[in-house]
Amino acid sequence: MDFEPGTRVYCGTPESPGTVTSQERNKVWVQTDDGRHVGVRPDKLHYLPASEATVDLTPIGVKSESIEADLEWTRLTPVEEKRLDELEGEIEEGAIAIFRAGFALAEVRDSKLYRASHPTFEDYCRDRWGLSKTHANRRIDAAKVAQNLTPIGVKLQRESHARPLAKLPPEQQRQAMQLALSFDIPITAKALEQASQQVTTGEAPKGERLDNPDAHNEYPTPDHVLERVYRCLGTVDLDPCSDGCWPPNVQATHHYTEQHNGLAHEWFGKVYCNPPYVKGCLPEWTPKLLKEFNEGRVTEAIYLVPAYTAEGWFQLLREFPRGFFRSRLKFKGQSSQARFPSAIFYLGHNTNAFGAAFHDLCDFYLLSNLED
């Protein structure tokens, strides 16, 4: 129903008349005769009759006292009207600042500031903002999650990132975010979902690519080899060839995935590298490792490769201690042993630790001038 500006109307009883000033969507703004400016749903308004004194237009079966009581409840105080205007301004800005909009929506809901124009919060969100109740509640939840993560220095960029965390208590929200950040891939809702699962259950799905679902690393390092890597290095600062799975196969502080392209970035600290075995990759990764080590950014490194001793890239490593595995490795995800032998190199000045860690798996070729 449309009401033209200047139309005389009433809501409840003819004793509460007013004049229409404007109409927007499903709300009509009325300047009442007692000086108030209120928003009313069109179906709650009636045209004021020419003869008010003799015509009772109270709807059948409804007492005028109850209508007046309802009208009194729907009216907002001047303070509430001002606050609603401020909050709606923040909701409008929510297209840019979605988390501020969430807090504004929460206050409109909890204080029932929608009541002057809509019977329910759901109606208000739908008519005023074009939001379903579910979407509005997601924004509210996202705002709470964003506020909870602020103390750990995290600023959420998308509402979708908050959804998996909203299911968790505040402390676990922070734990899940920190866990996801420890694996250096761009934060996604999927990564946060899996981090949330690991925080709550202690387990996470393995083997699923997060950075590139179509990619596949055929030769992830077996656990018994990694155990010896950790024994030798103590901690791993960087895995420049991470498989991109969640959780990462290598327990390193930082990971470069295929998406990062470890060849394009500087390496640092203690490095474990199991490079791609695709044709043409090893001639790129081996010089990269040597460059980072010789320029001092890498302090120690362990390098697992196929034992292709006649290849030029293999011979680049001839100055460094190496171990040849006595049996062929069964890489993770493989049903049988590899079709090629494997070798593992050590770059650094703690060859004794390297030999002690791998002595039960490998036969060694050590250069005496590199030993402690």
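In what follows, two residues are in contact when heavy atoms of each lie within 4.5 Å. With that in place, I turn to the structure shown above, which is a predicted model.

I shall begin with helix α5 and its two partners. His135, Arg138, Arg139, Asp141, Ala142, Val145 and Leu149 of α5 meet Glu159, Ala162, Arg163, Leu165 and Ala166 of α6. Sorted by class, the α5–α6 contact holds six nonpolar, one polar and five charged residues. The two axes, those of α5 and α6, come within 8 Å and cross at roughly 80°. Since angles of 65 to 115 degrees count as roughly perpendicular, α5 is therefore roughly perpendicular to α6.

The other partner is α4. Helix α5, residues 133–149, packs with α4 at an angle of about 95°, their axes being 9 Å apart. Again this makes α4 roughly perpendicular to α5. On the α4 side the contact is made by Phe121, Glu122 and Cys125, and on the α5 side by Lys133, Ala136, Asn137 and Ile140. Four of the residues in the contact of α4 with α5 are nonpolar, one is polar and two are charged.

Helix α6 leads us onward to α8. How do the axes of α6, residues 159–166, and α8, residues 189–201, cross? They come within 8 Å and cross at roughly 10°. Angles under 35 degrees count as roughly parallel, and α6 and α8 are therefore roughly parallel to each other. Here Ser160, His161, Pro164 and Leu165 of α6 meet Ala189, Leu192, Glu193 and Ser196 of α8. The contact of α6 with α8 comprises four nonpolar residues, three polar and one charged.

Both of these helices also bear on Ala176, which is placed in helix α7, residues 170–181. Setting aside residues up to four places away in sequence, Ala176 touches Leu165, Leu168, Ala195, Ser196 and Val199. Its C-alpha atom is separated by 7.5 Å from that of Leu165, 11 residues apart along the chain. Is Ala176 buried or exposed? With a relative accessibility of 0%, Ala176 counts as buried.

A brief word on a loop residue. Ser117 lies between α3, residues 98–110, and α4, residues 121–129. Ser117 is buried, its relative accessible area being 6%. Beyond its neighbours within four places in sequence, Ser117 is in contact with Lys27, Gly39 and Arg41.

I come now to the nonpolar cores. Which residues touch the most other members of the largest core, which has 27 residues? They are Ile302, Phe325, Ile344 and Phe358. At least two residues of this core come from each of α9, β9, β11 and α12, and the largest share, six residues, is supplied by α9. Taking Phe325 as one example, its contacts outside four places in sequence are Val225, Leu304, Ser342, Ala343, Ile344, Phe358, Leu361 and Cys362. A second, separate core has 24 residues, among them Cys273, Phe293, Ala301 and Phe314.

As a reminder, an α-helix has 3.6 residues a turn, so residues three or four places apart point the same way. Just after α9, Gly234 adopts a positive phi of about 85°.

Note on methods. Residues are numbered from 1 along each chain as its sequence is written. This is a predicted model: local features need pLDDT of at least 70, side-chain atom pairs count only at pLDDT 80 or more; totals for chains, interfaces and linings use all residues. Side-chain values use heavy atoms; hydrogens and water are left out. Helices (H or I, at least four residues) and strands (E, at least two) are DSSP runs, numbered from the N terminus. Buried means under 20% relative accessible area, exposed over 50%, partly exposed in between (1.4 Å probe, protein chains only). Axes are lines fitted to C-alpha atoms, for helices over the stretch in contact, and angles run from 0 to 180 degrees between N-to-C directions. Angles under 35 degrees count as roughly parallel, over 145 as roughly antiparallel, 65 to 115 as roughly perpendicular and the rest as oblique. Ala, Val, Leu, Ile, Met, Phe, Trp, Tyr, Cys and Pro count as nonpolar, Asp, Glu, Lys and Arg as charged, and the others, Gly among them, as polar. A nonpolar core is a set of buried Ala, Val, Leu, Ile, Met, Phe, Trp, Tyr and Cys residues joined through side-chain atoms within 4.5 Å.
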